[in-house]
Amino acid sequence: MGRYLLRRLLQLVPVFIGTTFLIYWLVWSVPGDPFAGKCGDRRCPDSYINFMTEKYQLDQSIWVQYATYMKNLFQGDFGITFNNRAVGDIIATAYPNTLKLAVVALAIEAIIGLSAGVLTGLRRNGFLDNLVLVSTLFLIALPVFVVGFVLQWLLGVKWGIVHPTVSNEMRLSELLLPGFVLGSASMAYVARVARTSIAENRRADYVRTAIAKGLPMRRVVGVHLLRNSLIPVVTLLGTDLGALMGGAIVTEGIFGINGIGRAVLRAIVTKESATVVSIVVVLVLVYLLMNLLVDLLYAALDPRIRYE
Amino acid sequence: MSDILVSEQSKPGADGSGRPSGRLLEVEDLRVEFRTRDGVAKVINGVTYHVDAGETLAVLGESGSGKSVTAQTVMGILDTPPGFVTGGQVRFHGKDMLTMSAEERRRIRGEGIAMIFQDALSALNPVFTVGFQIAEQFRIRRGLSRADAKKRAIEMLDQVKIPNAKGRFSNYPHQFSGGMRQRAMIAMSLALDPEVLIADEPTTALDVTVQAQIMDLLAELQRERQMGLILITHDLGVVADVADRIAVMYAGRIVEEANVYDLYAKPAHPYTMGLIDSIPRMDERGQQLRTIKGLPPNLMNIPPGCPFNPRCPMAQPVCQEKLPPLLQIGADRASACHFAEDLVNRD
């Protein structure tokens, strides 16, 4: 187990270097002038451009730029934007908002998706089963911006049940709708995976054994059946958490949440290469660690899986 | 000869009144069918057997004869759908279990009647330790604390002769060998001290030397605890040493029931004869193995008359018309063959 963990952590190093360079190179090759339009209608003065070019090493080769960037990164310096703002600050402001939204979305996925999946898996072909099958099909088929705008308009504007946008305080009650929108597609997948998994395992020999032992039905289902059926669902949720923590450009945009998704979008549009790369570096790291966590969780859930 | 023909169905307590007959477990004219998309398969067509305390009944038959489905119905673990009980009774201490409430029935499982399954690897839950799965019964059914339940579970593992029971408590089923797994399964089924144990092909998944050990263990535990044991098997060799009585099943019916000695010495049904003949023998090495020709009937379309008649070497015209009932022949045996008397009286 320890060796396995060490190996996985060491594997992160080349992946980390590879992804950061790839991102750096992509942002570097985007055509266009970062200083176009910086100075209103007029072209920026040469002195400003020369100053900025030197400060940000824009005349250097990509190798020099990347090396400098990585050197600073390992000293904990994410760089500064062209507007002289520390990129670390931007991440520190935006990331907690993204995390809150991700947690709410994941909780909704897990609670609603899992309950729907378990109930329909136990009683297939009933009314509830068909309802869940049809509604999950809709949620999977519809793009997130459609779900987002429609629910925002219906619940927030027309019926006025919830506030249509999220304030800076990021209250839990405000986050429920965006969380649902963000998690909706995955929730549908969770429901379907759980349904299949429960239905498959329901006839398993060990479930029959549990019944033959005279255990109450809720223990047969809640302990013996559920624990086995959860394995694929947890994997799905874990992978999804990694994706959710990467920010949600569309959902954050619809509900006006100042999260990492919007921050990176703004940085791409304004060609703030340092910001883009830094945010993506953080996201890549988070994603890799989440994947590692899922793999470890998998072994914890299923004792037949052992890593060495 | 008709004066000694006493139908099984007319024995005391068998009139459907549920009157206690003093028997521990009785299955009475049980009928089960499987309703599938392709049609209705009549899997159990009037099975009657019983087992008393301290007695071993072997239920013998080939795959699809209905021996396991009967056991599942007794246990109340028949998959419904597709399986439906369409008639008969399963009486435990004289009380019909099929008309009990689900809760009443659940209480009998494990404590009254317990079951051992064929493939212990799939019958044990792969994600819980063996110890947990045994201790669970003491905790849930007996309300014992975790520590006490663990102590009792280790005792059970000890009783089924698992070495280092204490250390094995926290192992998972996949860390056990096949024989040890089946021992753990036996420990689990005996945890609540059941009066009847149903063993559904307990040794089929094991190799021959381990088979013998498991059978010895089962026989020993049965003697110690004076349980009624129903041993389901397709292996005549397994049965000979341990069974008191044997019930042979074919196409969802009991075709012959007798004590072990009588059955081997003088089978009273051509199907039983065929089964005994097909045991490989040391003095016939190098010769082709004997088999029963033909295949078991399609349960969706059981032939009229005796279901065995298309395969029977002794079949007469009457066999295609009349279904022979299971009738007493002699003191302690019954056969469902029109010519049972002739078979028994032959030299």
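Here is a walk through a two-chain model, starting with chain A, then the place where the chains touch, then chain B.

Before we set off, some ground rules: residues are numbered from 1 along each chain as its sequence is written, and chains are lettered from A, with ligands numbered from 1, in the order in which they are written. This is a predicted model, so local features need pLDDT of at least 70, side-chain atom pairs count only at pLDDT 80 or more, and totals for chains, interfaces and linings use all residues. The model scores ipTM 0.85 and pTM 0.80.

Let's begin with chain A. What is it built from, helices or strands? Chain A has 12 helices and zero strands, where helices (H or I, at least four residues) and strands (E, at least two) are DSSP runs, numbered from the N terminus. Reading along the sequence gives α-α-α-α-α-α-α-α-α-α-α-α. Along the principal axes, its C-alpha atoms fill a box of roughly 85 × 55 × 30 Å. Of the 308 residues in chain A, 32% count as buried. A residue is called buried if 20 or more other C-beta atoms lie within 10 Å of its own, exposed if 12 or fewer, and partly exposed in between, with C-beta atoms placed from the backbone.

Still, they do touch: 12 residues of domain 1 of chain A are in contact with nine residues of domain 2 of chain A. Being in contact means that the C-beta atoms of two residues, placed from the backbone, lie within 7 Å. On the domain 1 side, helix H1 (residues 2-29) of chain A gives the largest share, eight residues. That side has nine nonpolar, three polar and no charged residues. For these classes, Ala, Val, Leu, Ile, Met, Phe, Trp, Tyr, Cys and Pro count as nonpolar, Asp, Glu, Lys and Arg as charged, and the others, Gly among them, as polar.

Positions from UniProt are given in the numbering used here, feature names are shortened, and annotations may be inferred rather than shown by experiment. In the model, residues 175-194 of chain A are 100% helix and 0% strand, with end C-alpha atoms 25 Å apart. Residues 131-155 of chain A are 92% helix and 0% strand, and their end C-alpha atoms lie 21 Å apart. The unreviewed UniProt entry also lists "domain: ABC transmembrane type-1" at residues 95-298 of chain A.

Now for the meeting of the chains. The contact takes 19 residues from chain A and 22 residues from chain B. On chain A's side, helix H8 (205-212) and helix H9 (217-244) are the elements that give two or more residues, and H8(A) gives the most, with six residues. By class, chain A's side has seven nonpolar, four polar and eight charged residues.

One residue to look for here is Ile77(B), in the loop between helix H1 (67-75) and strand S4 (83-92) of chain B. Is Ile77(B) buried or partly exposed? Ile77(B) is partly exposed, because 19 other C-beta atoms lie within 10 Å. Leaving aside neighbours within four places in sequence, Ile77(B) is in contact with Arg208(A), Ile211(A), Ala212(A) and Gln72(B).

Moving on into chain B, you'll find an open sheet of four strands in the order S2-S1-S4-S5, with antiparallel pairing. Strands pair if DSSP finds at least two bridges between them. Strand S2 (39-51) and strand S5 (95-96) of chain B stand at the edges with a single partner strand each, so one side of each has no neighbour in the sheet. Strand S1 (residues 25-36) of chain B is joined to S2(B) by 10 bridges, and Arg35(B) has Val40(B) as its bridge partner in S2(B).

Elsewhere in chain B, four bridges join S6(B) to strand S7 (residues 196-200), and these two run parallel. Ile116(B) stands opposite Ala199(B) in S7(B).
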